[in-house]
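I opened the structure to look up how its parts are put together. My entries follow in the order I made them.

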Amino acid sequence: MKIESLCLHALRDVSQNKGAVSVPIYQTATFSRSAVGEGSGYDYSRVQNPTREHAERLIAILENGTEGLAFSSGMAAIAAMMELFSPGDEIITSEDLYGGSLRYFDLISEKNGLKIRRINTSNLSAVEKSITEKTRGIFIESPTNPMMNITDIAGVKRIIGERPIILMADNTFLSPYFCRPITLGADIVIHSGTKYLGGHNDTLAGFLVTANSELGEKLKLIQKTTGAVLSPFDAFLIIRGIKTLPLRMEKSQDNAFKIAAWLKQHARVKKVYYAGLPDHPDLEVSKRQGTGFGGMLSFSVDSSETAERVLSRLNLILFAESLGGTESLMTYPFTQTHSYIPEEERIARGIDRKLLRLSVGIEDPDDLIEDLANALS
Ligand SMILES: *Cc1c(COP(=O)(O)O)cnc(C)c1O
């Protein structure tokens with residue numbers, strides 16, 4: 001089956017076999033047994049719940065993985081994953097990352113005795129040089145947030161070779177519709193399900209998908225022990241969101257191409273960062289490792305005054321954090337998603353007061369462009 005059909009039919013209601021077309025919400029904390037050794041296979045909803053299990057198995061199928069694990073947010077998923085490592089382990093990460101991941105690595109992982117090395121993972125020789133005897137993990141995001149840098153996932157895997165290094169790929173921006181990192185050699189795929197998987201700006205969720213059951217079982221033990229699991233209702237919303245994932249991804253991408261082209265010719269726009277543009281330095285890598293470029297773009301305007309004016313004048317596009325939903329959202333990374341990074345470093349990396357990030361929704365593209373034109377005028 002192709003992914004469009006898998007999003008709808010990969011799993012039927014697995015728990016009770018009543019034929020429900022929409023997955024039931026098992027809003028229960030616990031499950032009774034009729035006798036010792038008897039039971040439904042479910043005990044307590046932190047350990048497993050049928051609605052959550054459906055979401056977990058579905059994402060595992062879509063990502064070509066063995067196990068899926070659902071958490072209460074993307075950060076909860078990342079926090080659980082980092083429990084795989086021990087004090088003294090070294091982790092290499094992309095330097096351009098979602099701000100919350102950077103903050104997690106700096107504040108929590110370092111305190112827990114991990115050594116985090118941030119590098120430009122688009123540069124494979126930099127990856128190779130950064131690996132030491134103690135390296136146990138490489139964490140990449142592709143495209144990165146907000147600069148849209150691309151990492152060659154299969155290239156990183158080739159460098160890792162047989163070394164005991166777990167390759168972790170945050171696939172939030174492309175979703176399994178456009179890219180499946182496990183097929184390129186990733187060991188764990190991470191999602192903020194809050195974004196494209198849920199897709200409606202209405203719930204928080206996080207997922208991990210593993211390439212093998214050894215990692216899957218380790219993470220399940222961590223999941224039930226640390227406990228930040230996805231609730232049955234939120235699992236239902238994610239399952240419902242996934243039904244339209246292909247349609248939404250296609251429409252967002254179509255709109256993003258049109259908006260990127262329009263922004264490029266605007267006098268007040270100095271640079272457009274979009275993975276699908278012909279002048280993107282890693283366009284060929286993107287084409288090789290996926291079937292699309294997604295609906296996220298960033299752009300730099302001529303001054304911080306212009307940036308602030310745009311944010312206050314937008315009407316259709318909402319000035320809000322987050323991404324990947326039906327509604328287009330504009331973010332100001334400098335004061336929002338990336339405010340945690342020291343100012344000097346933010347500016348050096350291009351995350352300055354002139355940079356705006358746009359999560360392109362599924363509105364009519366002409367309406368979106370008209371809104372941008374008014375805001376930029
Ligand atoms: C939003 C986001 C996260 C964090 O997910 P939450 O659901 O907000 O906790 C992680 N990675 C990326 C790329 C994100 O965009």
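**Entry 1: a central strand**

I looked up Val 189 and found that its bridge partner in E7 is Val 209. Helices (H or I, at least four residues) and strands (E, at least two) are DSSP runs, numbered from the N terminus. Two strands pair if DSSP finds at least two bridges between them.

The model is predicted, so I noted that local features need pLDDT of at least 70 and side-chain atom pairs count only at pLDDT 80 or more, while totals for chains, interfaces and linings use all residues. Residues are numbered from 1 along each chain as its sequence is written, and side-chain values use heavy atoms, with hydrogens and water left out.

E6 and strand E7 (residues 206-210) run antiparallel and are joined by 5 bridges. With strand E5 (residues 166-170), E6 pairs in the parallel sense over 3 bridges. There I found Ile 188 of E6 as the bridge partner of Met 168.

Is E6 buried or exposed? I found 5 of the 5 residues of E6 (residues 188-192) buried, so the strand is largely enclosed by the rest of the structure. Buried means under 20% relative accessible area, exposed over 50%, and partly exposed in between (1.4 Å probe, protein chains only). Ile 188, Ile 190 and Ser 192 point one way from E6, Val 189 and His 191 point the other way, and all are buried. I noted the general rule that in a regular strand the side chains alternate between the two faces of the sheet.

**Entry 2: the sheet**

I read the strand order as E1-E7-E6-E5-E4-E2-E3, an open sheet of 7 strands with mixed pairing. Strand E1 (68-71) and E3 are at the edges with a single partner strand each, so one side of each has no neighbour in the sheet. From one strand to the next the twist averages 20 degrees. (Axes are lines fitted to C-alpha atoms, for helices over the stretch in contact, and angles run from 0 to 180 degrees between N-to-C directions.)

E2 and E4 pair in the parallel sense over 4 bridges, and Ile 138 in E4 is the bridge partner of Ile 92. H4 packs on the sheet and touches E2, E3 and E4; its direction makes about 150 degrees with that of E3. Helix H8 (residues 213-226) also packs on the sheet, touching E1, E5, E6 and E7, and its direction makes about 25 degrees with that of E1.

**Entry 3: two helices**

I looked at helix H3 (residues 74-81) and helix H4 (residues 99-109), which pack at an angle of about 35 degrees with their axes 11 Å apart. Met 75, Ile 78 and Ala 79 in H3 meet Gly 100, Ser 101 and Tyr 104 in H4. Contact means heavy atoms within 4.5 Å. Among the buried residues of H4 are Leu 102 and Phe 105.

Which residues touch the most other members of the largest nonpolar core? They are Met 82, Ile 138 and Met 168, in a core of 79 residues. Domain 1 (3-243) and domain 2 (246-376) both give residues to this core, so it lies between them. A second, separate core has 32 residues, including Ile 259 and Phe 299. (A nonpolar core is a set of buried Ala, Val, Leu, Ile, Met, Phe, Trp, Tyr and Cys residues joined through side-chain atoms within 4.5 Å.)

Domain bounds come from an automatic or database domain assignment. I noted that 43 residues of domain 1 are in contact with 42 residues of domain 2, and that the C-alpha centres of the two domains lie 26 Å apart.
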